[in-house]
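Subject: Handover of a structure, with notes on what was found

Dear colleague,

Please find below the structure that I am handing over to you. I would ask you to keep it open while you read the notes that follow it.

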Amino acid sequence: MPARNHNLNRETWRLALPMILSNLSTPLLGMVDTAVVGHLDRPYYLGAVALGGTIFSFLYWGFGFLRMGTTGLTAQAMGNESHREIGAILGRALILAGTLSAILIGLKNPAAMFAFHLLEASPEAEAYAQQYFTIRIFSAPATLANYACIGWFIGLQNTRIPLLLTLTINLVNIVLDCFFVWGMHWNVAGVAAASVAAEYSGLLLAGIFIIRRWRTIRRPNWREIFHWQALGRMFNVNANLFVRTLLLIFGFAFFTAQSAKLGDVVLAANTILLNLQSFMAYTLDGFAHAAEALTGRALGRRSLPLLRSAIATSCRWSFLFSLAFSLTYALTGEWIIRLLTSLEPVRHTAVHYLWWAILLPVVSVWSFLFDGIFIGLTRAKEMRNAMLFSLLGVYLPLWWWLQNLGNQGLWIAFTGFLSARALSMGYYHLKIMAELKRQLAFSQS
């Protein structure tokens with residue numbers, strides 16, 4: 001048992017560390033985009049990039065199920081040593097990515113009209129944001145295909161390649177940002193073009209890695225790729241993950257919208273505190289990715305002891321890091337806030353509500369972890385149901401009842417949302433483990 005735990009600790013870190021580094025490189029790109037455009041001579045350029053970037057953040061985040069679903073299915077196929085199925089899963093995921101991106105590009109005009117109807121901005125900022133949207137929408141095939149490829153490699157227990165892909169995409173984007181905006185004077189169009197070129201560069205690199213990996217697996221034929229039962233399972237998993245992700249996006253967007261109604265100072269302060277939460281989430285997601293791969297492999301091997309050990313190891317490291325984040329924010333939170341803003345009213349408000357940011361890591365860590373476990377087990381239906389309950393049964397009712405408390409009530413509702421996710425997924429986790437115990441005991445009898 002000690003040897004097994006030692007190996008799982010090592011495997012967890014082998015999988016988690018590259019994903020942590022990969023995740024942390026993403027906020028850096030946003031900062032560079034802001035810095036590059038922020039030095040142009042008109043403020044509406046920055047507003048346009050912020051507006052366009054927000055649209056694509058939500059749009060592409062909504063299609064993140066391509067990565068999650070592909071990881072779980074691939075990890076199970078690897079654990080089961082179904083080598084032809086491993087290749088077939090990638091084929092199905094890429095076909096789905098291509099189909100969805102074609103739909104997005106085909107609907108780009110009504111999608112843009114709807115997005116800009118929801119997000120108000122100055123006429124100049126909106127005009128340039130539309131230019132940004134028109135260019136960047138053509139990154140959809142590469143972006144969605146990259147999701148599928150990254151999910152496939154994570155499922156294969158290889159997180160170094162996703163790290164290389166993410167770093168390549170972000171570095172190419174940064175270099176081209178500077179070249180197109182400052183060298184070619186393309187302004188907002190240059191930022192969008194850099195994003196498009198970067199995504200296709202990442203896809204090209206992913207193709208090279210896939211060709212190298214393809215030699216070690218049995219290549220599926222088209223009949224196996226278009227196997228209706230397997231396609232139906234992939235569609236079912238991805239559809240539930242899609243609904244779950246949309247509800248999660250709504251939850252965060254609702255928090256921002258309600259913050260805005262409480263005034264610019266509260267909105268700015270809450271945004272800073274959410275940035276602390278996001279930075280923590282980017283780190284802890286690395287352990288969730290490790291849990292996806294390890295639990296999926298254990299289920300594919302039909303080994304309940306290995307599954308339990310993988311879950312316990314992921315839980316231990318995730319919780320320890322959540323405690324570290326809470327302690328760090330308790331000791332340095334006020335200093336971080338002063339570093340992020342020079343506006344005294346915003347600083348004062350953010351410090352007043354800082355204790356929520358200190359509490360959130362140990363509250364939200366469980367929902368991140370259960371996301372990883374459930375993805376590895378391909379239990380997307382339970383993820384969807386837990387999100388529905390947490391949003392509609394806890395978050396929105398709490399917000400409604402506590403509106404008279406202002407921002408304090410909003411934070412209570414948001415924390416209740418994250419707590420409800422953890423508790424409801426914990427309930428499903430117990431049911432799933434009892435079900436798997438029965439199934440695996442029967443299959444081995």
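A residue is called buried when its relative accessible area is under 20%, exposed when it is over 50%, and partly exposed in between, with a 1.4 Å probe and protein chains only. By that rule arginine 379 is buried, because its relative accessible area is 16%.

Two remarks on the source are needed before the findings. This is a predicted model, in which local features need pLDDT of at least 70 and side-chain atom pairs count only at pLDDT 80 or more, while totals for chains, interfaces and linings use all residues. Residues are numbered from 1 along each chain as its sequence is written, and side-chain values use heavy atoms, with hydrogens and water left out.

Salt bridges

Side chains of opposite charge can pair when their charged atoms come close. The term salt bridge is used here for a side-chain nitrogen of Lys or Arg within 4 Å of a carboxyl oxygen of Asp or Glu. The structure holds 11 salt bridges.

Arginine 379 takes part in one of them, with glutamate 382 as its partner and an N to O distance of 3.0 Å. Glutamate 382 is buried as well, at a relative accessible area of 13%.

Glutamate 11 and arginine 297 form another salt bridge, at 2.9 Å from N to O. Helices are DSSP runs (H or I, at least four residues), and they are numbered from the N terminus. Glutamate 11 belongs to helix 1 (residues 2-38) and arginine 297 to helix 12, so this pair ties together parts that are 286 residues apart in sequence. Glutamate 11 counts as buried at 17% relative accessibility, and arginine 297 is buried at 10%. Salt bridges that share partners join Glu11, Arg14 and Arg297 into one network.

What separates arginine 347 and glutamate 344 along helix 14 (residues 344-352)? They are three residues apart, which amounts to about one helical turn. Their side chains meet in a salt bridge of 3.6 Å, N to O. Arginine 347 counts as buried at 17% relative accessibility, whereas glutamate 344 is partly exposed at 43%.

Helix packing

Two packed helices are described by the angle between their axes and the distance between the axes. Axes are lines fitted to C-alpha atoms, for helices over the stretch in contact, and angles run from 0 to 180 degrees between N-to-C directions.

The axes of helix 12 (residues 264-300) and helix 15 (residues 354-376) come within 8 Å of each other and cross at roughly 25 degrees. Helix 12 is therefore roughly parallel to helix 15. Angles under 35 degrees count as roughly parallel, over 145 as roughly antiparallel, 65 to 115 as roughly perpendicular and the rest as oblique. The crossing of helix 12 with helix 15 is right-handed; a crossing has this hand if the near helix is turned clockwise from the far one by less than a right angle, and is left-handed if anticlockwise.

Contact means heavy atoms within 4.5 Å. Among the residues that meet are Leu273, Leu276 and Met280 in helix 12, and Leu360, Val365 and Phe368 in helix 15. The residues of this contact between helix 12 and helix 15 divide into 16 nonpolar, six polar and two charged. In this count Ala, Val, Leu, Ile, Met, Phe, Trp, Tyr, Cys and Pro are nonpolar, Asp, Glu, Lys and Arg are charged, and the others, Gly among them, are polar.

Helix 5 (residues 108-118) and helix 6 (residues 123-136) have axes that come within 11 Å and cross at roughly 145 degrees. Helix 5 also passes helix 6 in a right-handed crossing. Lys108, Ala111, Ala112 and Phe116 of helix 5 make the contact with Glu126, Ala129, Gln130 and Phe133 of helix 6. Five of the residues in this contact of helix 5 with helix 6 are nonpolar, one is polar and two are charged.

Individual residues

Histidine 185 has a phi near 60 degrees, a positive value in a residue other than glycine. Histidine 185 is in the loop between helix 8 (160-183) and helix 9 (187-214), and at 59% relative accessibility it counts as exposed.

Tryptophan 399 lies in helix 16 (residues 380-401) and counts as buried at 17% relative accessibility. Not counting residues up to four places away in sequence, tryptophan 399 touches Phe254, Gln258, Leu410 and Ala413.

Yours sincerely,
A colleague

Methods:
Helix = DSSP H or I, 4+ residues; strand = E, 2+ residues; numbered from the N terminus.
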